[in-house]
2 protein chains.
Amino acid sequence: MPADGASVTVVDVARVAGVSPSTVSRILNGTARVTAEKRKAVEDAIAALDFRPNLFARSLKTGTTMTIGILTQDIESPFFTRALRGIEEGLAGSGYAPLIVSGHWDAEEEAERIRLLMARRIDGVVILTGNLADTQIVEFATHQPIVALGRTLVAPNVRAVRFAQERGGYMAVRHLLELGHRRIAFIAGPVGHVDANDRYAGYVRAHMEVGLDPDPALVVQGDFLETGGVTAMTALLDSGVDFTAVFAANDQSAFGARMVLYRRGLSVPGDVSLVGFDDLPAAAYVTPPLTTVHQPIHEMGLFAARALLGMLGQPAEPVPLPDLQMVVRETTAAPKR
Amino acid sequence: MPADGASVTVVDVARVAGVSPSTVSRILNGTARVTAEKRKAVEDAIAALDFRPNLFARSLKTGTTMTIGILTQDIESPFFTRALRGIEEGLAGSGYAPLIVSGHWDAEEEAERIRLLMARRIDGVVILTGNLADTQIVEFATHQPIVALGRTLVAPNVRAVRFAQERGGYMAVRHLLELGHRRIAFIAGPVGHVDANDRYAGYVRAHMEVGLDPDPALVVQGDFLETGGVTAMTALLDSGVDFTAVFAANDQSAFGARMVLYRRGLSVPGDVSLVGFDDLPAAAYVTPPLTTVHQPIHEMGLFAARALLGMLGQPAEPVPLPDLQMVVRETTAAPKR
DNA sequence: GCGCTGCATGAAAACGTTGCCAGTCTTCCG
DNA sequence: CGGAAGACTGGCAACGTTTTCATGCAGCGC
């Protein structure tokens with residue numbers, strides 16, 4: 001059934017103000033000049049009737065919805081919510097509202113969600129990493145402009161940004177090497193995850209650079225979550241392999257690993273040094289505060305919003321993207337042996 | 001391949017299938033019987049043209065948008081994202097999509113955001129706590145069904161749920177008292193926040209019950225954030241007042257407080273016992289794991305989604321809400337003195 | 001065979017906006 | 001003073017659906 005009879009339309013306003021609907025529309029959108037007198041009458045009528053234009057009717061007519069779709073992976077992950085916050089800020093005051101959907105790292109589900117977004121005729125899409133194939137994105141981009149974070153991809157109607165994750169991994173391990181560590185374990189990310197793989201590549205490069213051959217026994221599987229950090233660290237300790245430091249592929253893994261070390265009575269950084277990746281807000285509040293690689297997540301969100309706004313023809317000043325940065329806190333120290 | 005799926009309309013489908021638009025619509029919505037023959041033709045045409053019904057046109061006509069609005073306070077707060085995840089789950093498969101906006105604990109902004117939601121003609125609203133006046137909510141509820149979490153409010157078209165926060169505070173302090181603590185500090189929440197006040201009331205009641213008069217010098221201001229916990233704990237220690245345990249109004253405050261204790265070289269729970277509130281996922285991963293009061297946040301989100309679906313006339317089986325529960329981990333112990 | 005009933009279908013009227021087109025009324029220039 | 005250029009404004013046709021309403025056509029009982 002149609003909206004409740006109480007819903008007031010542009011026609012009602014026109015009637016009360018004694019003008020035509022066209023004129024009301026003109027005033028609403030500032031699309032043509034109208035005499036001050038009628039403008040006043042219309043504005044009064046709008047206020048009196050508490051009129052709100054029906055965005056759907058407008059969308060139907062104009063073909064634009066003032067909504068941008070955001071494909072995140074996990075609404076509960078601090079990494080993504082930090083980016084979301086950036087996007088929210090970047091969109092503030094633009095009139096665009098974000099429609100957030102989650103893909104849960106599943107390519108199939110991601111594609112499905114994007115289709116859902118498109119069914120709602122959103123004006124643009126921001127994709128936060130994920131496992132979607134690039135070809136899929138290119139295909140989607142034939143319909144709407146897309147900004148993709150955590151990807152390198154050049155295609156029409158697509159703007160992609162990705163930080164050199166390899167360099168981040170390199171920086172982290174380099175830091176440990178400089179402290180004197182030689183047996184450095186690595187808690188990997190999800191299998192096949194490019195970012196995780198790149199960070200691992202950095203881990204390898206840093207080793208090579210000082211003439212070390214990374215020991216495969218020091219690399220254990222994680223999943224970017226705390227629980228993965230727990231299992232990985234447990235496996236590592238139980239394997240009996242020797243190590244003095246651990247580089248976790250992201251902060252959440254590091255948190256999990258730290259918990260196991262605590263359980264086993266190992267001191268950080270006394271017995272084992274620990275480095276994370278991301279610099280989540282929480283990294284500064286664990287004890288001891290976590291040494292990690294700072295990613296400007298918030299700025300990335302801000303950037304994505306502005307970039308998309310730009311692609312939509314909105315005036316939006318671009319934001320600069322700071323680079324990855326090593327943040328040395330208190331979970332790293334020289335090895336005792 | 002998908003042609004310009006954007007511009008394919010029900011009329012195109014009708015033409016290709018050799019039927020009228022009405023019939024296509026009927027098949028789309030299963031609203032009347034159609035011969036198998038035509039149904040087949042239409043379905044083939046839909047597939048061939050990659051037709052997607054324009055939801056806006058449909059909304060315009062039916063007055064329903066299959067969108068529900070969610071007013072959260074801070075998209076980055078783990079408390080809210082956990083609830084959001086519950087809502088997301090509760091909505092899964094219902095066809096409704098959530099439109100998330102943030103009020104940032106500002107009554108004015110909250111009202112503004114809700115108006116924005118209503119301008120988008122959402123079918124229902126979930127309000128996650130906040131500072132909006134109840135009268136405002138009642139007023140909004142005249143337009144859409146509303147589910148409010150963290151409120152006690154009885155009104156037509158409104159469903160409100162709130163846990164007995166006072167009891168939670170009582171349980172936390174009771175736990176400390178039973179361990180033998182007598183000088184228990186309290187890190188308060190934001191000024192005027194009902195939940196925070198109620199938790200404080202529980203703090204007071206637990207004291208009274210054992211014949212103790214809570215010392216005002218032991219109560220310090222916080223803001224539900226880590227930073228607030230830091231300032232509060234710092235102020236407490238600097239004031240020189242004597243205490244053996246701290247009850248923080250929420251986990252995030254506790255995390256901040258824990259950091260300061262670490263900085264000052266005070267052991268937890270050796271020198272000071274610490275209790276939080278909420279049982280955020282992170283509470284299990286700080287060291288030592290935080291003793292806290294568990295709120296079924298996720299379930300609350302699930303509950304809200306189902307309740308709203310029910311109000312919208314959808315078949316949605318209600319979910320039970322477990323009660324608050326004391327989770328004793330490792331930040332509490334008997335006082336040394 | 002006649003009127004009924006019921007069913008499948010198409011035509012057309014909305015839903016609330018916007019934007020083109022064509023007026024009307026000034027105003028100004030020659 | 002005539003006429004033309006502007007400046008405003010109203011009418012009306014879309015936008016893509018859904019939803020009456022009406023129509024034609026079988027089948028049915030008598």
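Student: Which residue stands opposite V158(B) in β5(B)?
Tutor: I146(B) does. This is a predicted model, where local features need pLDDT of at least 70, side-chain atom pairs count only at pLDDT 80 or more, and totals for chains, interfaces and linings use all residues. Residues are numbered from 1 along each chain as its sequence is written, chains are lettered from A in the order in which they are written, and side-chain values use heavy atoms, leaving out hydrogens and water.

Student: How many bridges join β4 (residues 146-149) of chain B to β5(B)?
Tutor: Four, and the two strands run parallel. Strands here are DSSP runs of E, at least two residues; helices are runs of H or I, at least four, and both are numbered from the N terminus. Two strands pair if DSSP finds at least two bridges between them.

Student: What's the strand order in the sheet?
Tutor: It's an open sheet of five strands in chain B, β2-β1-β3-β4-β5, with parallel pairing. β2 (97-102) and β5 (158-161) of chain B stand at the edges with a single partner strand each, so one side of each has no neighbour in the sheet.

Student: New topic. At what angle do α1 and α3 of chain A cross?
Tutor: Roughly 125 degrees, and the axes of α1 (residues 10-17) and α3 (residues 36-49) of chain A come within 9 Å. Axes are lines fitted to C-alpha atoms, for helices over the stretch in contact, and angles run from 0 to 180 degrees between N-to-C directions.

Student: Which residues of α1(A) make the contact?
Tutor: D12(A), V13(A), V16(A) and A17(A). Contact means heavy atoms within 4.5 Å. On the α3(A) side, the residues include A41(A) and L49(A).
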